Amino acid sequence: MKFFIETFGCQMNEHDSEKMAHLLRVNGHTQTDQIKESDIIIVNTCSVRQKAEQKFFSLMGRLKKIKDARGVIIGVTGCIAQQEKEVLKDRLPYIDFILGTSTIHKIKDAIEYGEKGSFFCDVTENGCSPSLFIKPWCIENRIKAYVTIMKGCNNFCSYCIVPYVRGREISRPSKDIIEEVKSLAQEGVKEITLLGQNVNSYNKGTDDISFPALLRALNKIDGIERIRFVTSHPKDLSDELIDCFGELNKLCEHIHLPFQSGSDKILKLMNRGYTISEYVEKVERLKKVCSKIAITADCIVGFPGEEEEDFKETLNLITHIEFDGIFSFAYSKRKYTKAALFLEEVSRDVALERLKYLQSVQKQITLKKNKAMEGRILEVLVEGKSKGSKDDLTGRTRHNRIVNFKGGDDMIGRLVDVKIIKGYANSLRGEWI
Ligand code: SAH
Ligand code: SF4
Ligand code: F3S
């Protein structure tokens, strides 16, 4: 049968979709990107903000029409499924299966039930679940790959739903990770991104090796040219990890280090566990060890209790650090979280106004940084044809900037040197040399 997967949310979810696709392919099904020709539709959901939830429910409205018109099997997986199975059963009685964040390895059983016309639901929370060990392999022409190293989160930031939908932290044994990366290298993969909600906590409290030691081991694997990881929590960013940026030639000069707010008062309410001066100190150490490191971050505006003064402190941090990019969000109240009980709410209008302003400030900084690249020769890993123009190739620098340039198909999958001729807000234009 042909299956179609729609994915919402973070890289963890994207990778979970790849894992499910792998298990289905192994069982003789084929993937399609055309919903109209699919026999199975899987929606892998995210509940981090209300907007993601709304998008999911509006998609489900459209899927119901497809279900009514022809008998497709529809399944819901991921974070909304984990959290709201009763609501889903109630609001979407036409769906065939529900799988949680620890049970995606049961996708084959779920489809078999669907074929028989029976409902399947399993959202058992199991830290060391087999889903942590699925290794999607032989994805055609793969240049980059995600590798799960840990799952879950113990931090309980007061706004965040993730600890409730992904459970407690659990790390995958280093031996299993190293084996997977070796086989990815043999498959031709050049770049790996290590995934975890909080990679700095990798193997905390176990006898297995630390995260910096894992990076050192992976750096030795022939064929792998680039190593990245997401996400780091500032409070757990150790000096040993910072030093890796100066020592390991394959570790890309880029770190995603969410700060969430520039105000100590708000950071405390968010339960983040660091102050802004501690954050700035870590960034300075990173820059000392690796002067050209690119720093990106996540940030929330309009958190309950955020006053004009707090927002100004966030803007001060942004202009002081000059981030290479920021993913910024208006605070979204999430059921079950501690912040949902906070009373000093910021109005939606004020939050959106602050968000718009912050984004305009950051856009100028990103543009300035991209313009500063003009004239430089940068190493680009060529990922494929550009979506915007058929004649262009697209790839990324080690700093994770997108570069578009003219070149032949034979360059896809290779590391090439490109001279940057123009810097834009979201990408760079280059010339192959
Ligand atoms: N584990 C990662 C990512 C978590 S979710 C980390 O700790 O950094 C990704 C981002 O979504 C967060 O960094 C935060 O900026 C944002 N986010 C999480 N909950 C949110 C909420 N309730 N409202 C708005 N943004 C939120
Ligand atoms: Fe959410 Fe905080 Fe955990 Fe990140 S560290 S997943 S923001 S609770
Ligand atoms: Fe969303 Fe779940 Fe990721 S809530 S951000 S898909 S961990």
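This is a predicted model: local features need pLDDT of at least 70, side-chain atom pairs count only at pLDDT 80 or more; totals for chains, interfaces and linings use all residues.
Colleague: Let's start with the ligands; which residues are around ligand 2?

Modeller: The residues around ligand 2 are Cys 153, Asn 155, Phe 156, Cys 157, Tyr 159, Cys 160, Val 162, Pro 163, Gln 197, His 233 and Arg 272. Sorted by class, that shell comprises seven nonpolar, three polar and one charged residues.

Colleague: And which ones are around ligand 3?

Modeller: Around ligand 3 there are Cys 10, Asn 13, Cys 46, Ser 47, Val 48, Cys 79, Arg 166 and Gln 197, and by class this shell has four nonpolar, three polar and one charged residues. Gln 197 is listed both for ligand 2 and for ligand 3.

Colleague: Back to Phe 156 for a second, where is it found, and what is its phi?

Modeller: Phe 156 is found in the loop between β8 (150-151) and α6 (162-166), and its phi is near 50°, which is a positive value in a residue other than glycine. For background, most residues other than glycine have a negative phi.

Colleague: Which other residue has a positive phi although it is not a glycine?

Modeller: Asn 400 is one of them, with a phi of about 80°, and its place is in the loop between β16 (392-397) and β17 (402-406). Asn 400 also counts as partly exposed, because its relative accessibility is 26%.

Colleague: While we're on the backbone, which peptide bond is cis?

Modeller: The peptide bond from Val 230 to Thr 231 is cis, with omega near -5°, and Thr 231 lies in the loop between β11 and α9. As a general point, most peptide bonds are trans.

Colleague: What does Val 230 have to do with Thr 193?

Modeller: Setting aside residues up to four places away in sequence, Thr 193 touches Val 230 together with Ala 145, Tyr 146, Val 147, Arg 228 and Phe 229. Thr 193 itself lies in strand β10 and counts as buried, because its relative accessibility is 12%.

Colleague: Switching to helices, how do α12 and α13 cross?

Modeller: The axes of helix α12 (residues 308-321) and helix α13 (residues 348-371) come within 10 Å and cross at roughly 15°. That angle is under 35 degrees, so α12 is roughly parallel to α13, and the crossing of α12 past α13 is right-handed.

Colleague: Which residues meet there?

Modeller: From α12 there are Glu 308, Phe 311, Thr 314, Leu 315, Ile 318 and Thr 319, and these meet Arg 354, Tyr 357, Leu 358, Val 361, Gln 362 and Ile 365 in α13. By class, the contact of α12 with α13 has seven nonpolar, three polar and two charged residues.

Colleague: How about α11 and α12, what angle do they make?

Modeller: The axes of helix α11 (residues 276-289) and α12 come within 12 Å and cross at roughly 10°, which means that α11 is roughly parallel to α12. In this contact, α11 contributes Ile 276, Tyr 279, Val 280, Val 283, Glu 284 and Lys 287, while α12 contributes Leu 317, His 320 and Ile 321. These residues divide into six nonpolar, one polar and two charged.

Colleague: Why is α8 described as largely enclosed?

Modeller: Helix α8 (residues 211-219) is largely enclosed by the rest of the structure because seven of its nine residues are buried, namely Phe 211, Pro 212, Ala 213, Leu 214, Leu 215, Leu 218 and Asn 219. Those buried residues pack against α7 (174-187), β10 (191-195), β11 (226-230) and α9 (239-247).

Colleague: What is Asn 219 in contact with?

Modeller: Leaving aside neighbours within four places in sequence, Asn 219 is in contact with Ile 227, Leu 248, Asn 249, Lys 250 and Leu 251. Asn 219 has a relative accessible area of 12% and so counts as buried. Its C-alpha atom is separated by 10.0 Å from that of Glu 247, 28 residues apart along the chain.

Colleague: Last one, where does Lys 292 lie, and what does it touch?

Modeller: Lys 292 lies in the loop between α11 and β13 (294-301), and, not counting residues up to four places away in sequence, Lys 292 touches Glu 253, Arg 376 and His 399.

Key
Residues are numbered from 1 along each chain as its sequence is written. Chains are lettered from A and ligands numbered from 1 in the order in which they are written. Side-chain values use heavy atoms; hydrogens and water are left out. A residue is near a molecule or strand if one of its heavy atoms lies within 4 Å of it. Ala, Val, Leu, Ile, Met, Phe, Trp, Tyr, Cys and Pro count as nonpolar, Asp, Glu, Lys and Arg as charged, and the others, Gly among them, as polar. Axes are lines fitted to C-alpha atoms, for helices over the stretch in contact, and angles run from 0 to 180 degrees between N-to-C directions. Helices (H or I, at least four residues) and strands (E, at least two) are DSSP runs, numbered from the N terminus. Angles under 35 degrees count as roughly parallel, over 145 as roughly antiparallel, 65 to 115 as roughly perpendicular and the rest as oblique. A crossing is left-handed if the near helix is turned anticlockwise from the far one by less than a right angle, and right-handed if clockwise. Contact means heavy atoms within 4.5 Å. Buried means under 20% relative accessible area, exposed over 50%, partly exposed in between (1.4 Å probe, protein chains only).
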